[in-house]
Structures are given as structure tokens and as C-alpha cells.
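Hi,

Here is the structure I said I would pass on.

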Amino acid sequence: HGARYHFAAWSPDGKGIAASREALGVSSLLLLTPEGKPQETLWTGVDSEVVTDISWSPDGASLVAAVWRPVNGWNLELFSLASRQWTALTRDKAVAAHPQFSADGASVLFVSDHDDVYNVRRIYLADRRITTLTNLEGGAFRPSQATPQGPLYYTGAGVDGFDLYRMDAPEEVPLSPAPAATAAAATPTHPSRSRVSPPAPTPPPTTPTGLTLLSTSTPPAAR
């Protein structure tokens, strides 16, 4: 009936899949079998709420996702599989997206536009402390890091499209908190899933120290 799974994540043991679905304007979070068949509805949204970018915790107890709510906009939230309840990780005017649990489950890697440019951040779950790992003019997206001390991989925007980068030993800098979200500042319209798509700027003339360009997108030849 027009329902589609937009985002999904495998459970750590490989025995299930968490997936977000949108049907008739209503978002829901489902548990699927390894074959992709619906097994259980974990949560159903109201009032145009949207759940995207799912990541499953290493211990299998929770999910982290980018969640849009009419009053608060885009933030990171934790979903407990035991209580079926959401807990906010961020709650400010910045757009947060692309969360990924660390291998030890102690932190979540994500991107946000706290400084008006999408950069890679890390939020520590114990104290909600947020640090910044990149400082780019063009933006960083879809970060991945096997260990907190290992190389950081992300997609960066350039004049010819999006390229894949590796940053060795990224330095973490404390993030200054953004203003809190308020009802008056909330976005009244339903969000687009393609919200993280800034224009491609001119890249710097040289590659910063510790940053490696792994792949380059090439535009098609003119005909």
C-alpha cells in the first residue's frame, strides 16, 4: 500500500533487521526477519514524526537514529528495545544526522551543522559531551570509524560531487552548544529525507595533513 523501508540496520547477532517505514505519511520502526519479512512493530510515529539513519548498538539493547519532530526539528535519539521509549541525545537548533555507534557502544559518531557547515561530531553517551572531528568548508557526511582511535572515513563535497576521504588520527575539539530548539523556531513543514545536501564549494588547493582522498567522483563527459 505504498509503504517503503527507507533505512535499515542489522542487529549485532545478525538475527534481525531494524527498519524505518513510511506509509500514508506515518513513520514506524519495525523489526524484520533476516529475510526482510515484518516480525514486529516497535514504534509508530504521530504528528509527522520521521525516523532516519538507524544504527544498532553493539550490545543489541538500543538503536540510535536521526529523528524529526515538529517542535524540535532534527535531533539524535536513543530507542530502548526493552522499554520501547525514545531518549533525546541532542536537543537544539542544529540539524543532526547519520549517527553510527562506536564499536564499544560508549559514543555515537554523527554529522551536524552546528557551525553552519556539516562536520563530523562525536557524542559520549555517559555525559552527552559532544566533540568535533572535522573542520571543513564543504561539509562531511556518512562518517565511519572502526575504533575511536582509528582512521575516520567520510564522504566530502567537492566541485565535481562527493568524494570519499580518510582522516588519520582525527583530533577531537569540544563543541560549543547551539541554542536550544523552541516551538517558535521549529520547522512547521514536513521534512525531506534529502535534507543534508549543501551546495558543493570549491575545494582547498591542497589536501590537509592526515587527510587522504580515497575516491573521486567524475562527472559524465559532455555530449
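Strands β1 (4–10), β2 (17–23) and β5 (50–56) each supply at least two residues of the lining of the largest cavity. A cavity here is a set of points, on a 1 Å grid over the protein atoms alone, where a 1.4 Å probe fits but cannot get out, and lining residues have an atom within 4 Å of a point. Strands are DSSP runs of E with at least two residues, helices are runs of H or I with at least four, and both are numbered from the N terminus.

Before I go on: this is a predicted model, so local features need pLDDT of at least 70 and side-chain atom pairs count only at pLDDT 80 or more, while totals for chains, interfaces and linings use all residues. Residues are numbered from 1 along each chain as its sequence is written, and side-chain values use heavy atoms, with hydrogens and water left out.

Back to that cavity. The volume is about 40 Å³, taken as the space filled by probe spheres set on the grid points, which are joined across faces, edges and corners. The count of cavities of 30 Å³ or more comes to one. Ten residues line the largest cavity, and His6, Glu22, Ser27, Val50 and Val51 lie nearest its centre. By class, the lining has three nonpolar, four polar and three charged residues (nonpolar: Ala, Val, Leu, Ile, Met, Phe, Trp, Tyr, Cys and Pro; charged: Asp, Glu, Lys and Arg; polar: the others, Gly among them).

On the overall fold, the protein has 17 strands and zero helices. Of its 223 residues, 44% count as buried, meaning under 20% relative accessible area, with exposed over 50% and partly exposed in between (1.4 Å probe, protein chains only). Taking contact as heavy atoms within 4.5 Å, residues 24 or more positions apart account for 42% of the contacts with a separation of 6 or more.

Now the nonpolar cores, which are sets of buried Ala, Val, Leu, Ile, Met, Phe, Trp, Tyr and Cys residues joined through side-chain atoms within 4.5 Å. The largest has 19 residues, and Trp74, Val120, Leu152 and Tyr154 have the most contacts inside it. At least two residues of this core come from each of β6 (62–69), β10 (107–112), β13 (140–144), β14 (152–158) and β15 (161–167). β14 gives the most, with three residues. Another core lies apart from it, with 16 residues including Phe7, Ala9, Leu29 and Ile54.

Two backbone spots are worth a look. Most residues other than glycine have a negative phi. Leu24, in the loop between β2 and β3 (26–32), has a positive phi near 55°. Asp53, in strand β5, also has a positive phi, of about 50°. Leu24 counts as exposed because its relative accessibility is 81%, whereas Asp53 is buried at 4%.

Finally, strand β9 (residues 96–101) holds Phe101, which counts as buried at 8% relative accessibility. Leaving out residues up to four places away in sequence, Phe101 touches Ser55, Trp56, Ser57, Pro58, Ser62, Leu63, Val64, Leu78, Ser107, Val108 and Leu125.

Cheers

Technical notes. 1 Å grid on protein atoms, 1.4 Å probe; cavity = no way out; pocket = protein on both sides within 12 Å on 5 of 7 lines; lining within 4 Å.
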